[in-house]
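Open the model in your viewer and keep the selection tool at hand. The tour moves from one chain to the next.

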Amino acid sequence: MKFEPKIVAFLCNWCSYTGADLAGTSRMKYPDNINIIRIMCSGRIGPTFVLKAFREGADGVMICGCHPGDCHYHEGNYKCLRRYKLIQKYIQQMGIDSKRLHLEWISASEGKQFAELANQMTEQVRELGPCSIRETMETFV
Amino acid sequence: MTEESKPKLKLAVYWGAACGGCCVSVLDVHEKLFDVVAAADLVFWPIALDIKYKDVEDMPDGHIDVTLFNGAVRNSENEHMAHLLRKKTKILVAYGSCSHLGGIPGLGNFTNRQEIFNRVYHESESTVNEEKAVPQTKFQVPEGELELPEFYNDVRTLDQVVNVDYFLPGCPPNTDRLVDVFMAIVTGAELPPPGSVVGAWDKSQCDDCTRKKTDQKVVKAFKRPWEIVDDGVTCFLEQGVICMGPATRGGCGFRCIEGNAPCKGCYGPPADAPDPGAKMMSAIATIIDSNDEKEIEEIVDGIVDPAGTFYRFSLPSSILRRKLIDVNEPTN
Amino acid sequence: MKRITIDPITRLEGHGKIEIFLSDDGEVDNVYFQVPELRGFEKFCEGRPVEELSQIVTKICGVCPGCHHMASGKAIDAVFGLEPPPTAKKIRELFYMAHFVHSHIAHFYALAAPDFVVGPTASPAERNVLGVIGKVGVEIGTEVLKQRRIAQEIQALLGGHQTHVVLNMPGGVRKGLNEEQRDQIEKQAKDFIEFSKFSLNVFGDVVLKNSDYVDLIVNGPYNLKIYSMGLVDENNKVNFYDGKVRMVDPEGNEHGKYGPNEYRDWVAERVEPWSYLKFPYLKKVGWKGFVEGKDSGVYHATPLSRLNASDGMATPLAQVEYDKMYETLGGKPVHATLAMHWARLVELLYSAERCLELIQDPDITGTELRAEPKEIVGEGVGIVEAQRGTLTHHYWTDKKGLVTKANIIVGTTNNNAPICMSLKKAAQGVIKKGVEVTEGTLNMVEMAFRAYDPCFSCATHSLPGKMPMILNIRDKDGNLEQSVRRD
């Protein structure tokens, strides 16, 4: 049986969620491995969200926000970018491959780009295999 | 000694994977010792009393009024004693960083038994071990069989093993805080709900710290402590040195900062932090003074050990709990 | 084969148990001292910035954290290729002497004194620090607590955190002393000297004037003819902070002397499957088993071994006491295990005198506190004397100064093999066939262990007078034959 990765995608309301919506309404195919969580701004994303996603069984995590300069709240996406870089470093130290976490800017009109990203991410994580946090958790009774 | 007018509190102090510093913190009541002894009978304390495990097993359940359990759960003996003392104790307190959050032994969750054994018993540069011996949980010697506790892969906090009534943080807890809590119990004051952190403030270190802070916290580069000449006066973060103060409960008297060293977070996070290091990471990232991806990368590069910095005392209690290593390796 | 288990070992820092095997005729066949704990510092320090280690390794031991802090600090200096300026070195040593004062006071009054002031087989109800206070007075008890508190306060003043000190930085220290603090510490150091002299007098009055105790020390089953190790300065005088490690054979002849970078040429560690703690031995002599003598690589690293391995004390009053001890006990080297208690008090006096010397040194209030790192050499070894033995920290780092490997030989670890041997000898000496094993007997076995001060014994705690212990004697099928209990 082929391994079906679970990917959690945090999408910001104003740009990337709308972009994903566009992909949907345009009937662009993207894998149902992607589980979308809508947040108002990518600046809302902190390490806790990412870590919880992995802990609860995600094999990969995607974060999408508005392009630099376009953030509905001006600077939120920059905060997200800074946190993303630090979280990347942290998860690598914790034995989680950095390719399991990805940040990309997707605008409201970029439905095609979203679909491509979703496909890419799914295949990338499929290749990496399951993220074994769940198994590790089991040693903690 | 003073006349007993009411039954004395039966107090136990026990250590798991510990260093003894928490026991020292109890001793550091100094001359107040005589007051402590007037109010409490110590019924089990291996560093001080010759009471053995068998004696604890013989105690009726709930016999001990308060047990201060310090040290993390690293091996089967620690785990066994956690369960035993839970049974024999009315109020079980996770005393100190190790039992509260995992503490420094919790850094063992970056590795596992096999790696540790390899390093200590084989790779160590001063060790000569041609027989490739390693400690065994059961080993036959000519005279009989010897036993050792099992060394687990993972370090756990006390509340990951048994129900804990209160957490008293610190590495070790400030003795004045211990006395506060002890007096509250002895005088029959109303105690907070079970599961609470006691002996520490709700607010962070920054509230107590006397270093000068401005409203502007922006960092163009993070520095290792030896890369700056600390002026002894300005907030460490504003000098570019990571200080865990903002994400750490106060109550210790900001003793490390008094020694001109940044806080490392031993008192643990304030309430409602689902992960002890995540909020700090978030805050640190926020104060990075750049919107340029390349520049941000360079600045983040200056944080050389995020996991060991933001989770110095709290790795086992973090969301990820441990580094992912293949758990399916042969047992000894 | 009958078997006696003592679990856990108590009145020390750390976990341990003793298994005593008796042959069918009731003689002690063998004794195993097992250490059931391990935490893995050497492994989980990997990946940490090397400068953080001096604050991480203090958590190896909360009783002698200052020792790990110093050894680590020196190793880190070497990793950066730095020599701390004179003021920094002196502040470090001053801190270190206060650290010795607090620890040696604590050990003597709670650990050693009860066995001598009250008596080794006296009722357990009295054989504790309260019993000691009962004999010498509450004033003394309060004075003990006070002197220990002052030593702790000096450590806090210099090192911020009084237990897990933060004093060291690569190349120096974080904080200096002002004149007011200097004056205060000078007064306190003088008090330390007086208190140390007083403590030696207590030992003199209570122990040396009692012929039974002297007999116990000199002729009792507490004697091991093994090598001695200790750090000495350039004049071969005892120094805790810096110098070279010197070893002498059981007859007192120098076996060798090494600087930090040579430790692996001289010391090796052995693994036994029945203990988590390794067994160091002298490499050039070789491991011959748990045996005494010049041909066996077993050595001890204790206050007594430090005095044996040196040519004297570097301060005048301590030198007088050093001479007195050796004269009384028949010359150097001394192998009487219980003499460690005496040697410890000589060291206490030295620490106090050295505190005074340092605080009166004009450099101590200097403002040059550190040498600034310019490069990362990538490897460093730091050696100091911990209260309970020679302590070695060795680190390797990458070009960024992140630790790639760490190797640590801890003070008490040096004494693992001698402790096993001392326990066996004591058990063989006090457990005799046909004679009932009492709680006094058990205490006399423990005394062999306690002399090494395996980390800490609570100095100032009121022991409730109980020394409850259950002694289960089982036949070879494991059936309980006799149970001796003392409550």
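Begin in chain A and select strand 3 (residues 60-65) together with strand 4: the two pair in the parallel sense over five bridges. Strands here are DSSP runs of E with at least two residues, helices are runs of H or I with at least four, and both are numbered from the N terminus. Two strands count as paired if DSSP finds at least two bridges between them. Within this pair, pick A:C64 and look across to A:E104 in strand 4 of chain A, which stands opposite.

This is a predicted model, in which local features need pLDDT of at least 70 and side-chain atom pairs count only at pLDDT 80 or more, while totals for chains, interfaces and linings use all residues. Residues are numbered from 1 along each chain as its sequence is written, and chains are lettered from A and ligands numbered from 1 in the order in which they are written.

Now show the whole sheet of chain A. It is an open sheet of four strands in the order 2-1-3-4, with parallel pairing. Which strands stand at the edges? They are strand 2 (34-39) and strand 4 (101-105) of chain A; each has a single partner strand, so one side of each is left without a neighbour in the sheet. From one strand to the next, the twist averages 20 degrees.

Next, select chain B, which has 12 helices and 10 strands. Its C-alpha atoms fill a box of roughly 65 × 60 × 30 Å along the principal axes. Of the 332 residues in chain B, 55% are buried (20 or more other C-beta atoms within 10 Å of their own; exposed means 12 or fewer, partly exposed in between, with C-beta atoms placed from the backbone).

Zoom in on B:H83, in helix 4 (residues 76-88) of chain B. Is this residue buried or exposed? B:H83 is exposed, because 11 other C-beta atoms lie within 10 Å. Then select B:V162: B:H83 and B:V162 are 79 residues apart in sequence, yet 6.5 Å apart in space, C-alpha to C-alpha.

Technical notes: Axes fitted to C-alpha atoms, helices over the stretch in contact; angles between N-to-C directions.
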